[in-house]
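Subject: The two-chain model for you to look through

Hi,

Here is the structure I promised to pass on. Have it open while you read, and hop between the text and the picture as you go.

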Amino acid sequence: MTLQEAPPITALLDPETVQSIADEIWPTLVGDGEAFVPVPVAPPAEVVSAWVTISGPWNGAVVLTCAPATAGALAESVLMTRPPTVVDDEDVADALGELANVLGGNIKSVLPGPSSLGLPQIGSAPTTGRLDDVCRVNGQWRGQSLTITVQGATQALHPSGTEVPQ
Amino acid sequence: MRALVIDDSRAMRRIVGSILKDFGFEVREAGDGQQALDALQEGKAEGWVPDLCCIDWNMPVMDGLQFVVAVRANPELRQVTLMMVTTESETGQIVKALAAGAHEYLIKPFTADALRDKLALLGLLPEEVSA
């Protein structure tokens with residue numbers, strides 16, 4: 001199947017499924033009683049994203065986007081740090097990347113397979129492909145904006161080396 | 001009991017390691033399959049052989065499946081229990097990991113109770129934790 005023939009993500013996945021996956025991940029990974037609430041708040045001026053790519057019948061990425069301060073708070077929660085311990089930039093990238101990784105793995109499991117998952121990446125989110133190939137859930141965590149986007153690739157993604165299961 | 005936690009995410013190593021320590025395990029960490037093989041070699045030299053390896057699948061340098069194959073090819077490590085702890089949840093991948101020699105498979109995200117249940121199945125929990 002070529003990228004052009006692949007159905008858009010909106011034909012494969014709905015926001016409710018993404019939300020149900022987040023509902024499972026937040027209490028187990030972010031912490032007891034924590035939740036990703038699907039009620040949008042004003043987006044932050046500055047954002048950071050973590051994402052993993054999915055390569056298979058559907059090609060794209062699962063992207064988690066929030067303000068840098070929210071990423072820091074998420075890392076503190078994931079790592080269960082308590083003052084005076086502070087998380088450094090590497091901890092933040094690692095924790096946000098692992099959240100994207102677990103989100104991506106679980107979203108991959110409901111898409112047509114077999115597919116492979118790339119390693120987590122951090123930075124500015126990859127550009128989206130077809131406009132109809134995007135499934136986005138705008139929400140919040142502890143009152144701060146958080147967005148989960150499942151977006152098609154602009155070109156077919158080719159997994160390499162150790163980044164994917166052999 | 002001794003455990004080697006193998007994951008490229010420091011956060012996940014800390015989470016898994018913390019749960020295992022609560023269950024009484026002595027824990028060491030490795031960031032990928034090759035580092036884990038090196039840790040096993042170094043551990044052997046000092047008499048530290050893990051009872052359990054918790055292994056992520058997607059890692060740089062050497063992934064979890066390659067690590068399982070390498071360990072299973074080494075007769076000296078036959079007694080080490082191998083458990084995949086990963087987001088990879090397609091049936092074909094679970095089958096592949098078990099066929100390569102993994103004993104158990106735990107899908108992320110997981111709770112401490114789920115990990116405890118797996119360890120109990122594998123006979124790796126002290127009685128006071130199993131109760």
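This is a predicted model: local features need pLDDT of at least 70, side-chain atom pairs count only at pLDDT 80 or more; totals for chains, interfaces and linings use all residues.

Start with the strands of chain B. They include an open sheet of five strands in the order E2-E1-E3-E4-E5, with parallel pairing. If you are wondering what holds such strands side by side, strands of a sheet pair through backbone hydrogen bonds, either parallel or antiparallel. Which strands stand at the edges here? Those are E2 (26-30) and E5 of chain B, each with a single partner strand, so each has one side left without a neighbour in the sheet.

Now zoom in on E4(B), residues 81-86. On one hand, four bridges link strand E3 (residues 52-55) of chain B to E4(B), and the two run parallel. On the other, E4(B) is joined by four bridges to strand E5 (residues 104-107) of chain B, again in parallel.

**Two helices of chain B**

That brings us to H4(B), residues 91-100, which packs with helix H3 (residues 64-72) of chain B at an angle of about 20°, their axes 9 Å apart. Angles under 35 degrees count as roughly parallel, and H3(B) and H4(B) are therefore roughly parallel to each other. Their crossing is left-handed. H3(B) makes the contact with B:Leu65, B:Val68, B:Val69 and B:Arg72, while H4(B) brings B:Lys96, B:Ala97 and B:Ala100. Sorted by class, the residues of this contact are five nonpolar, no polar and two charged.

Take helix H2 (residues 68-78) of chain A to begin with. H2(A) and H3(A) pack at an angle of about 80°, with axes 8 Å apart, which makes H2(A) roughly perpendicular to H3(A). On the H2(A) side, the contact is made by A:Ala71, A:Gly72, A:Leu74, A:Ala75 and A:Val78; on the H3(A) side, by A:Asp91, A:Val92, A:Ala95, A:Leu96, A:Glu98 and A:Leu99. These residues divide into eight nonpolar, one polar and two charged.

Then there is H1(A). Its angle with H3(A) is about 140°, and the axes are 10 Å apart. That makes H1(A) oblique to H3(A). H1(A) passes H3(A) in a right-handed crossing. The contact uses A:Val18, A:Ile21, A:Ala22, A:Ile25 and A:Leu29 from H1(A), and A:Leu99, A:Val102, A:Leu103, A:Asn106 and A:Ile107 from H3(A). Nine of the contact residues are nonpolar, one is polar and none is charged.

**Where the chains touch**

How many residues of each chain are in contact with the other? For chain A the count is 26, and for chain B 24. Helix H1 (15-30) and helix H3 (89-108) of chain A are the elements that give two or more residues to the side of chain A that touches chain B. H3(A) gives the most, with ten residues. By class, that side of chain A has eleven nonpolar, ten polar and five charged residues.

**Backbone details in the loops**

A few spots in the loops deserve a click:

- The peptide bond from A:Gly113 to A:Pro114 is cis, with omega near -5°. A:Pro114 sits in the loop between H3 and strand E3 (116-117) of chain A.
- From B:Lys108 to B:Pro109 the peptide bond is also cis, with omega near 0°. You'll find B:Pro109 in the loop between E5 and helix H5 (112-121) of chain B.
- A:Arg142 has a phi near 50°, a positive value in a residue other than glycine. Look for A:Arg142 in the loop between strand E5 (134-141) and strand E6 (144-152) of chain A.

Key: Residues are numbered from 1 along each chain as its sequence is written. Chains are lettered from A and ligands numbered from 1 in the order in which they are written. Two residues are in contact if their C-beta atoms, placed from the backbone, lie within 7 Å. Ala, Val, Leu, Ile, Met, Phe, Trp, Tyr, Cys and Pro count as nonpolar, Asp, Glu, Lys and Arg as charged, and the others, Gly among them, as polar. Axes are lines fitted to C-alpha atoms, for helices over the stretch in contact, and angles run from 0 to 180 degrees between N-to-C directions. Angles under 35 degrees count as roughly parallel, over 145 as roughly antiparallel, 65 to 115 as roughly perpendicular and the rest as oblique. A crossing is left-handed if the near helix is turned anticlockwise from the far one by less than a right angle, and right-handed if clockwise. Two strands pair if DSSP finds at least two bridges between them.
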